[in-house]
Amino acid sequence: MSVARRVGPFLEQAITVLLNRADRRDTVSIKAALREARETAPYLVAFDEELTEAIVEAATALGLCVAFDAQE
């Protein structure tokens, strides 16, 4: 079972919508994606680690590069 399924279908769809804005081979910032996910779903109870894994999974499936900059 993937983390994207554990964080819920709504969040999975929200992450995919956010990532679909990027062009193929672009780099997705984990920090920015986490911020956007939290703004989109303010009552989200998933941990950052769960969201990060879901973002990475979706981004790589879309052919995007991932910048692991959440700790900056």
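T60 lies in helix α4, where helices (H or I, at least four residues) and strands (E, at least two) are DSSP runs numbered from the N terminus. The model is predicted: local features need pLDDT of at least 70, side-chain atom pairs count only at pLDDT 80 or more, and totals for chains, interfaces and linings use all residues. Residues are numbered from 1 along each chain as its sequence is written, and side-chain values use heavy atoms, with hydrogens and water left out.

**Overall make-up**

- The protein chain has four helices and two strands, and its elements follow the order α-α-β-α-α-β from the N terminus.
- Of its 72 residues, 38% count as buried; buried means under 20% relative accessible area, exposed over 50%, and partly exposed in between, with a 1.4 Å probe and protein chains only.
- Among contacts between residues at least 6 apart in sequence, 71% join residues at least 24 apart, a contact being heavy atoms within 4.5 Å.

**Helix α3 against helix α4**

- Two packed helices are described by the angle between their axes and the distance between the axes.
- Helix α3 (residues 30-40) and helix α4 (residues 48-61) have axes that come within 10 Å and cross at roughly 110 degrees.
- That angle makes α3 roughly perpendicular to α4; angles under 35 degrees count as roughly parallel, over 145 as roughly antiparallel, 65 to 115 as roughly perpendicular and the rest as oblique.
- Axes here are lines fitted to C-alpha atoms, for helices over the stretch in contact, and angles run from 0 to 180 degrees between N-to-C directions.
- On the α3 side the contact uses I30, A33, L34 and R38, and on the α4 side D48, L51, T52, I55 and V56.
- By class, this contact of α3 with α4 has six nonpolar, one polar and two charged residues; Ala, Val, Leu, Ile, Met, Phe, Trp, Tyr, Cys and Pro count as nonpolar, Asp, Glu, Lys and Arg as charged, and the others, Gly among them, as polar.
- T52 of α4 counts as buried because its relative accessibility is 17%.
- Leaving aside residues up to four places away in sequence, T52 touches I30 and L34.

**Helix α2 against helix α3**

- The axes of α2 and α3 come within 10 Å and cross at roughly 125 degrees, which makes α2 oblique to α3.
- This crossing of α2 and α3 is right-handed.
- L11, A14 and L18 in α2 meet A33, E36, A37 and T40 in α3.
- The contact of α2 with α3 divides into five nonpolar residues, one polar and one charged.

**Helix α2 against helix α4**

- The axes of α2 and α4 are 10 Å apart, and the two helices pack at an angle of about 50 degrees; α2 and α4 are therefore oblique to each other.
- α2 passes α4 in a right-handed crossing.
- L11, I15 and L19 of α2 make this contact with L51, A54, I55, A58 and A59 of α4.
- Its classes are eight nonpolar, no polar and no charged residues.

**Buried side of α3**

- I30, A33, L34 and A37 are buried in α3.
- They lie on the same side of α3 because they cover an arc of only 100 degrees around the axis, taken from the directions from the helix axis to the C-beta atoms.
- An α-helix has 3.6 residues a turn, so residues three or four places apart point the same way.
- The buried residues of α3 pack against α2 (9-20), β1 (27-29), α4 and β2 (65-67).

- T27 is placed in strand β1 and counts as exposed because its relative accessibility is 54%.
- Not counting residues up to four places away in sequence, T27 touches C65, V66 and A67.
- T60 counts as partly exposed because its relative accessibility is 47%.
- T60 and R25 are 35 residues apart in sequence and 9.5 Å apart in space, C-alpha to C-alpha.

Definitions and conventions. A crossing is left-handed if the near helix is turned anticlockwise from the far one by less than a right angle, and right-handed if clockwise.
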